Each structure stands twice: as structure tokens, then as C-alpha cells.
Amino acid sequence: MSDRLRIGLLQCGAIHPALVPRFGDYPDLFAALLAPHDVSLRTYDVVGGELPDDLGAVDGWLVSGSADSAYAPLPWIPPLEDLLRALVAAEAPLVAVCFGHQVLAQALGGRVAHADAGWGAGAHRYELVGPTRPWMRPEAGDGIRLIASHQDQVVQLPEGAELLARTAHCPVAAFTVGDHALAIQPHPEFTPGLSRALTGLRRDRIGDAAADAALASLDEPLDHGTVAAWMGAWWRR
């Protein structure tokens, strides 16, 4: 592997079109997040049917968020699940975020459902479970703060998965499968500005009380830089 990481971004959705001119789409957001870690992205339009032919074409893989549910009867989801199972079987370095986290769990036999606790929005503090792993540098103590934006969540881990982070609202907030697949429910790539704008667009769906709490939470520091470093270290192991 060269010093510069070549990462295949499996793009499973898009940022709300009204917000893209201000904040960019998933490739822009991940490129900005990972810029300090010498990463270049090659984007695959999964929704449009674009999937890689060669699992070794890049140094690692990244699965994006989506407004769709992992369990929705959409024609592009089963081929994505097949690809994810193939990547895990091949022990290809993989990071899956939000929808990616959910569809990876589902593909491996876990279960995803609508969250009984309602929307996860704004910044949340995620409790880290178990000892600090070698790739988790810099260390973050016993928790990290990241931005959430989801209605669904993983409610049953796949067999063999190891829980990495949780909250009372989201008991399966991150997990690993072996030494090659890392899944994260919150969005390390989301900025406070984007989260504020999304919350404003979704206020009617989220509810006033939850939306106000989400907006207030965005004034506190976030750990997206720490998690970006973890992602880079995960791919480089």
C-alpha cells in the first residue's frame, strides 16, 4: 500500500439537494474530513447501479449514509449487501457510516429497525465499550461526541460482531467485525452547519422539542477529527 490511501466510496444516497450548494455532497464531506490523512476517494454511485468489479481496486472501502432504510425493498440494496459480504469475506478494510453501518449489519445477519426512541439528531456523546484498540489514536477516554442524523438503527448485532460504542438512545452505535470492518452510526463527516440546516428542514418530522435540543447540542466541541484519524488508521493497518 502506498502512503496515499485510495478509498472506494460506496455512495448510497445524497445530501438534501437544497443544501448541496452550501455544504457539498457525501464525496465532498468525506474528502474534507479525511484531507489530513492523505486519502483520495473514488466514488461509486451505488443507487445508480455502479459497483466495483475488483475488490482490490483500492486500498479500502467506505460506505456512506442514505435517506433510505436498509430494509426498504429497493433494487440496489441486495447487490450492495452481496458486495459487503464479499468485502468482509475478503478481509478488505471497510468503514461503514450511518446507513452504511445499518446495511452492513443487515447483510451479515443482524437486524435494523425504526428506532422506538425517535430521531437521533444533533450531537451525541457515545460511550466507548471495552478497552482502547490499537488503532484508536488519539485516545478519546471513555467517549466521543459526533453528529447523529437517523430514524433507523441496528437493534441486533450480526453474529461475531463486537460492540464498540453506545448511547441510551442508540445501544448499537458502532461495532467491528473481525479486524477489517468498522461500522459507525453517527456521521463524523457532518459539520455543525450542515446539521443545523438539516434539522431546520426536518423540524416537522423531528418535533420542536427534539429539534431545539439538537440545535443546542451543536454548540459543544465535536470529535470528528479523532474519528477521522481512527478511520485512516483502520484502513492502514
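Predicted model: local features only at pLDDT ≥ 70, side-chain atom pairs only at ≥ 80, totals over all residues.
On the cysteine side, the disulfide count comes to zero. Take Cys98: the nearest cysteine sulfur belongs to Cys170 and sits 9.1 Å away, leaving Cys98 in no disulfide. Since a disulfide needs its two sulfur atoms within 2.5 Å, that gap rules the pair out. Turned around, the picture holds for Cys170, whose nearest cysteine sulfur is that of Cys98, again at 9.1 Å. Both side chains are tucked away from the surface: Cys98 is buried at a relative accessible area of 4%, and Cys170 is buried too, at 1%.

Leu84 lies in helix H3, which runs over residues 77-89. With a relative accessibility of 0%, this leucine counts as buried. What does Leu84 touch, once its neighbours within four places in sequence are set aside? The contacts of Leu84 are then Leu10, Val63, Leu94, Val103, Leu104 and Ala107.

Helix H8 covers residues 224-236, 13 residues in all. From the first C-alpha to the last, H8 reaches 18 Å, close to the 18 Å expected at 1.5 Å a residue. Its buried residues include three tryptophans, Trp230, Trp234 and Trp235. The rest of the buried set in H8 is made up of Thr226, Val227, Ala228, Ala229, Met231 and Gly232. In general, an α-helix has 3.6 residues a turn, so residues three or four places apart point the same way.

Terms used. Residues numbered from 1 in each chain as written. Heavy atoms only, no water. Buried < 20%, exposed > 50% of the residue type's maximum accessible area, 1.4 Å probe, protein only. Helix = DSSP H or I, 4+ residues; strand = E, 2+ residues; numbered from the N terminus. Expected span 1.5 Å × (residues − 1). Contact = heavy atoms within 4.5 Å.
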